Amino acid sequence: MKAGFDSRNWTDKGYSIGEGYKWLQGSMPDVRWTKWIWNNFNIPKHSFIAWIAIHDRLRLRNKLFKLGICEDEACLLCGTEPENLHHLDYSIENAWKIWSRGLKDPIKKKVVLAVLTALLYHIWLARNHSYWKKAVIHPEKLCKVICVEVIERSQ
Ligand SMILES: [Zn+2]
């Protein structure tokens, strides 16, 4: 704290908890996903899984395969490509590019972001369901659940 008092000149300017907190945090780079993940229309559990995905910490099959935990790295949902983060979020990134085009209304943007976060969460859930229950959830069912959740949250 003494370094903070010296470098920020708090002795003369006065100390505030907010200034002290910012100093303790240090400088942090701006990241482009902040508004997506911490959108207040998101359901917290959706934000949490998206945050883990952004940090590439989901235990996807490509990682488990490299560790020797599973014998196949194929995607559990489609089986056509290796299951990795790019495969999981490729469609979400493209959906954002398409859906956000021309959107000026900040509320509509938040709703679209909430849908994308919910989509990522439910893809992760469906992937886990297909592994543990040996059955793939129908996409139509996922869409209905996402619609209900996002509408309830954004009201
Ligand atoms: Zn797939």
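This is a predicted model: local features need pLDDT of at least 70, side-chain atom pairs count only at pLDDT 80 or more; totals for chains, interfaces and linings use all residues.
**Salt bridges**

I started with a search of the whole structure, and it turned up three salt bridges. My criterion was a side-chain nitrogen of Lys or Arg within 4 Å of a carboxyl oxygen of Asp or Glu. I number residues from 1 along each chain as its sequence is written, and side-chain values use heavy atoms, with hydrogens and water left out.

I looked up Glu-83 and found it paired with Arg-127, closest N and O atoms 3.0 Å apart. This pair links distant parts of the chain, 44 residues apart: Glu-83 sits in the loop between α6 and α7, Arg-127 in helix α8 (residues 106–133). My accessibility classes are buried under 20% relative accessible area, exposed over 50% and partly exposed in between, with a 1.4 Å probe and protein chains only.

Next I checked Lys-63, which bridges to Asp-56 at 3.3 Å between the closest N and O atoms. Asp-56 is partly exposed at 37%.

Then came Glu-140 with Lys-144, at 3.8 Å. These two are four residues apart in helix α9 (residues 139–154), so about one helical turn separates them. Lys-144 is exposed, at 54%.

**Zinc site**

Which protein atoms are the donors of the zinc ion? I get Cys-75 (SG), Cys-78 (SG) and His-87 (NE2), lying 2.0 to 2.3 Å from the zinc ion. I count N, O and S atoms within 2.8 Å of the metal (3.2 Å for Na, K and Ca); water is not among the atoms, so a site may look incomplete. The donor spacing in sequence reads C-x2-C-x8-H. Cys-75 is in the loop between α6 (61–66) and α7 (85–99) and His-87 is in helix α7, so the pair ties together parts 12 residues apart in sequence. Cys-75 is buried at 10%, His-87 is partly exposed at 23%, and Cys-78 is partly exposed at 40%.

**Cysteines**

I found zero disulfides, taking one as a pair of cysteine sulfur atoms within 2.5 Å. For Cys-70, the nearest cysteine sulfur is that of Cys-75, 12 Å away. Cys-70 is buried, at 14%.
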